[in-house]
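Please look over the sequence and the structure below before reading on.

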Amino acid sequence: MNSKRQRFLIKSVVFLIALSPACWLAYAAFTENLGANPIQAITWETGVWTLRFVAATLAITPLRRLTGWNWLIKCRRMLGLFAFFYGTLHFFTWSWLDQFFDWNGMVKDVLKRPYITVGFTAFVLMIPLALTSTTGWIRRLGGKRWNRLHQLIYVTAILGVIHYYWLVKADTQRPIRYGVIIGILLLARLVYTMRQKPAPARAAIVQPS
Amino acid sequence: MRIRKANDLKWSDVTPKALYVNRRQFLAVAPFMAAAAAEALSPDEARAQGGLPKLDAKKSPLSTTEPMTPYKSVTTYNNYYEFGIDKGDPAEYAKSLKTRPWTVTIDGAVKAGGKFAIDDLIKPYQLEERIYRHRCVEGWSIVVPWIGFPLGDLLKKVQPTEKAKFVEFTTLNDASQMPGVRRPVLNWPYTEGLRLDEAMHRLTLLTVGLYGEVLPNQNGAPLRLVVPWKYGFKSIKSIVRIRLVESQPHTAWNDSAPQEYGFYSNVNPTVDHPRWSQATERRIGDFFKRKTLMFNGYDEVASMYGGMDLKKNF
């Protein structure tokens, strides 16, 4: 799985698959196949795809650790950028088709409606991640600082689930499902990190008296 | 041809200011409108759409002259959780609903109640077509040509006693016909209620049809309520019981989230849902949003709430 050609092939396939929901959505919109409230349908679809790609991005590292497939990391940046792409579409659907760029109204909403506050925050936190997604930036910031910054994706993921949970009327099953999946993915990382820590107490006991 | 004079026009005829002011943007985004709007048929074309039994109904002066929402949208975009929680679920799954035989029980504080077969129940009444605005609490709205008769006429017939202060309604709750009730999304059976004066109001319609035909299952066949000045969830569907009671009845959404869905739930742009604004709405088929009207534009109901704090009694 190391040849340049194989990497290009894998990335192209992932790219096309990741783009297909947006293509389908655009096609459905123009052929009037989104039902009676197409703007609401677009809002919902772009929202869940953002969540799905955030989850997919979070799944890469646990999967890599489980399988030893290091090439998976090559896909992580693309998946993360697609999460940002769908998040941007979702944000623009709201700011344009719902709010008609009424900046005053939007600021009021972000401040007044908690589900919009967390949604907006989740989106804004993705911006520095998208901007620093290149290898150039890993070099510029240094691996450790870059990793720290990109841990913001954990916050985005959690806020995204809360955003979804707070906007449904009564059917909390779907947001809870995403919460469970993202919870498991974050837990997997936590467990791994805890396993990596040395045990200082043991070293002390071993000291001869 | 009846030539309309100036004093024939009502406030509901006035083009919403947002639409009028934005009419040029409206035209500029016409290509998007094609994508955003469902196909609009003329009212007469739309009337022949469902292939369901036709109903004869006289026209009513209480109808709005606003453009009606296309039949396809009205019958495929529904909240009817007994058949699934997605908007398209009722149209897909409500075929399993058996609307005959159908018995409606009228009991409680009445002198002439009983169990009635639905056809016997509605036979004495002249059906009217009422074109009403219908506003969902979620922030979208439609205009529907309902067919029914005033609930008040039925209530007068069953002779409520002095104990009757409220009317409670109950929807069918049958897991074998309604796949959605297996999930406790709401406490089944779905119940709703009105104060007696609201129930007796001439706008409150006991409804059996729409667009010139019998109600499709997903719209609450064979008998539903339409209370046009309240949020749509109060217009309870597939009624099996009407009970006159002394104290305020439990209602499904109020039980589910009392701080979000009140007993009255009058359409009110000044009282927000705790999580979202109620100041504007998306009229299905429109690209731009419009301002929500107090009491959904049915100002004649205001006198029932004189002196009431509508922020407290939301």
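## The model and its numbering

This is a predicted model, in which local features need pLDDT of at least 70 and side-chain atom pairs count only at pLDDT 80 or more, while totals for chains, interfaces and linings use all residues. Residues are numbered from 1 along each chain as its sequence is written, and chains are lettered from A and ligands numbered from 1 in the order in which they are written.

The model scores ipTM 0.83 and pTM 0.84. Two residues are in contact if their C-beta atoms, placed from the backbone, lie within 7 Å. Where pLDDT is low, the predicted coordinates should not be read in detail.

## Chain B as a whole

Chain B holds ten helices and 13 strands. Helices (H or I, at least four residues) and strands (E, at least two) are DSSP runs, numbered from the N terminus. Of the 314 residues in chain B, 41% are buried. A residue is buried if 20 or more other C-beta atoms lie within 10 Å of its own, exposed if 12 or fewer, and partly exposed in between, with C-beta atoms placed from the backbone.

Strand β4 (residues 128-135) of chain B is largely enclosed by the rest of the structure, because seven of its eight residues are buried. Two strands pair if DSSP finds at least two bridges between them. β4(B) pairs in the parallel sense with strand β1 (residues 58-59) of chain B over two bridges, and B:Lys59 has B:Glu129 as its bridge partner in β4(B). β4(B) also runs antiparallel to strand β5 (residues 140-150) of chain B, joined by eight bridges. In the hairpin of β4(B) and β5(B), four residues lie between the strands, and B:Gly139 takes a positive phi near 110°.

Strand β8 (residues 205-210) of chain B is mostly covered, with six of its six residues buried. β8(B) pairs with β5(B) in the antiparallel sense over five bridges, where B:Phe149 stands opposite B:Leu206. Another antiparallel partner of β8(B) is strand β10 (residues 224-226) of chain B, over three bridges.

## An open sheet in chain B

Five strands of chain B form an open sheet with mixed pairing, in the order β3-β2-β11-β6-β7. β3 (114-117) and β7 (191-195) of chain B stand at the edges with a single partner strand each, so one side of each is left without a neighbour in the sheet. Within the sheet, strand β6 (residues 166-171) and strand β11 (residues 239-245) of chain B pair in the antiparallel sense over six bridges.

## A helix of chain A and the contact

Helix α3 (residues 73-98) of chain A has 26 residues and should span 38 Å at 1.5 Å a residue; its end C-alpha atoms are 37 Å apart, which agrees. The expected span is 1.5 Å times one less than the number of residues in the helix.

The contact takes 16 residues from chain A and 20 residues from chain B. On the side of chain B that touches chain A, the elements giving two or more residues are α3 (30-36) and α5 (71-76) of chain B.
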